[in-house]
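Here's a quick briefing to read alongside the structure. Have a look at the fold, then at a couple of backbone spots worth checking.

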Amino acid sequence: VNQHTGDASFYPPLRKKGRSERSVMLHRLIIAPENKVDDVLRIVSEHLPFDTDNLATAIHKIAKLRRNQDVRYEAVTEDPRWVRLIDEIIENGSAFIWPMRLL
C-alpha cells in the first residue's frame, strides 16, 4: 500500500518522470508478470510505435521470458512481430544511441 495515496496498486504513479500516460500504460502491459513471449509480441504488434524506453523494455522482457520459459531462439527471431520490433528500433534511431551490449 502506498503510504502517500493509500493505493494498493503494484504500479507506480502514472506521470512518473514526465512520461506520457500512453507510455506508462504500454510499459505496464509489457512488464505484466503473467506475460509470456507471445503476449509481449502481441502487445508490440498492436501498439507500435513505442518510445525508446518501451522499445528497450520490450526487447529485454522478450529476452528474459524466452530464457525463463525455455522458448526456442528461432521461435522468437523468425516471428514477424519480432522483426517489426527490430525495424522499429532502427527507424526510431534507438539502435544508434544505445550501447550495443544493451541491445
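A residue counts as exposed when its relative accessible area is over 50%, and as buried when that value is under 20%. Keep in mind that this is a predicted model.

**Overall fold**
- The protein chain has 5 helices and 0 strands.
- Going along the sequence, you get the pattern α-α-α-α-α.

**Surface and burial**
- Of the 103 residues in the protein chain, 31% are buried.
- The chain's accessible surface is about 6900 Å².
- Carbon and sulfur atoms account for 55% of that accessible surface.

**The loop between H2 and H3**
- Pro49 lies in the loop that runs between helix H2 (37-47) and helix H3 (52-68).
- The peptide bond from Leu48 into Pro49 is cis, and its omega is near 10°.

**The loop between H3 and H4**
- Asp70 sits in the loop between H3 and helix H4 (73-77).
- Its phi is positive, at about 55°, even though Asp70 is not a glycine.
- Is Asp70 buried or exposed? Asp70 has a relative accessibility of 70%, so it counts as exposed.

Conventions: Residues are numbered from 1 along each chain as its sequence is written. This is a predicted model: local features need pLDDT of at least 70, side-chain atom pairs count only at pLDDT 80 or more; totals for chains, interfaces and linings use all residues. Side-chain values use heavy atoms; hydrogens and water are left out. Helices (H or I, at least four residues) and strands (E, at least two) are DSSP runs, numbered from the N terminus. Buried means under 20% relative accessible area, exposed over 50%, partly exposed in between (1.4 Å probe, protein chains only). Accessible areas come from the Shrake-Rupley method with a 1.4 Å probe; for residues, only the protein chains shown count as cover.
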